[in-house]
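Hi,

Here is the structure I promised to pass on. Have a look at it first, and then read my notes below.

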Amino acid sequence: MKSKIFILLAIGLFIIACSTPEIKPDKKAGWTPNMDQHSELALIMRELYDEAILRKSILERGELAKANSQLIFQMITAKPTEPHMVGPAFEPHARAFIASYGELNAARSTTEQIEAHNNLVKSCVACHMSFCQGPIPRIEKLYVAL
Ligand code: HEC
């Protein structure tokens, strides 16, 4: 029982640690976004997320999308915001993700690519379950209905 409470608490902390802080414009200081404050890994994630949104809309039009991001290979070495955001299980998750990504280009029909895309989204979610729960609801919206 105690360990369950601990696990819930740990998950809670992860969610807090990993949710994107709200950016509040500060009128007095003439606020401009400071892109330096985002980690290498967070920037890669945003690109992959944008790419997945684009691919979703292409697939929903019934067309095949190109998937040739080189960023996926940088995922393993990229620096996270906080060191605790990656751990020993990170690399296997990243490798599974890279393999899944390769399937996108192997797809010869829209149906095949939708399946590959949905598998990829699954591997995004799998890694996020362990390391970064905050964005999961957003990631789950990337699934394409078959
Ligand atoms: C191998 C693990 C892993 C995989 C696979 C993965 N992520 Fe992430 N993701 C993370 C970690 C860790 C962070 C936190 C990065 C940080 O804040 O430095 C993150 C952060 C994010 C963020 C928040 C970025 C921000 O603005 O701070 C989004 C959105 C995101 N991921 C989407 C995705 C999507 C979409 C996929 C699949 C296409 C994906 N992730 C695959 C581990 C992963």
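Let's start with a pair of helices. The axes of H2 and H4 come within 11 Å of each other and cross at roughly 155 degrees. An angle over 145 degrees counts as roughly antiparallel, so H2 is roughly antiparallel to H4. The crossing of H2 past H4 is left-handed. If you want to find the contact on your screen, look for Ala52, Arg55 and Leu59 on the H2 side, and for Thr110, Gln113, Ile114, His117 and Val121 on the H4 side. Sorted by class, this contact has four nonpolar, three polar and one charged residues.

Before you go further, keep in mind that this is a predicted model. The chain has a mean pLDDT of 85, and 75% of its residues reach 70 or more. Confidence is lowest in helix H1 (residues 2-18), with a mean of 54, and highest in H5, at 98.

Now for H3 and H4. Their axes come within 8 Å and cross at roughly 170 degrees, which makes H3 roughly antiparallel to H4. On H3, the residues making the contact include Phe90, His93, Ala96 and Phe97. On H4, they include Gln113, Ala116, His117 and Leu120. You'll see Gln113 and His117 of H4 in this contact, and Gln113 and His117 are also in the contact with H2. By class, H3 and H4 meet through ten nonpolar, seven polar and one charged residues.

Finally, the ligand. Which residues are closest to it? They are Ser39, Met45, Thr81, Cys124 and Cys127, out of 28 residues that surround the ligand. One of these, Cys127, also belongs to the H4 side of the contact with H3. Helices H2 (40-60), H3 (90-106), H4 (110-131) and H5 (136-140) each supply at least two residues of the shell. H2 gives the largest share, with seven residues.

Cheers

Key. Residues numbered from 1 in each chain as written. Predicted model: local features only at pLDDT ≥ 70, side-chain atom pairs only at ≥ 80, totals over all residues. Near = placed C-beta within 6 Å. Helix = DSSP H or I, 4+ residues; strand = E, 2+ residues; numbered from the N terminus. Axes fitted to C-alpha atoms, helices over the stretch in contact; angles between N-to-C directions. Parallel < 35°, antiparallel > 145°, perpendicular 65-115°, else oblique. Left-handed = near helix turned anticlockwise from the far one by under 90°. Contact = placed C-beta atoms within 7 Å. Nonpolar A, V, L, I, M, F, W, Y, C, P; charged D, E, K, R; others polar. pLDDT = per-residue confidence, 0-100.
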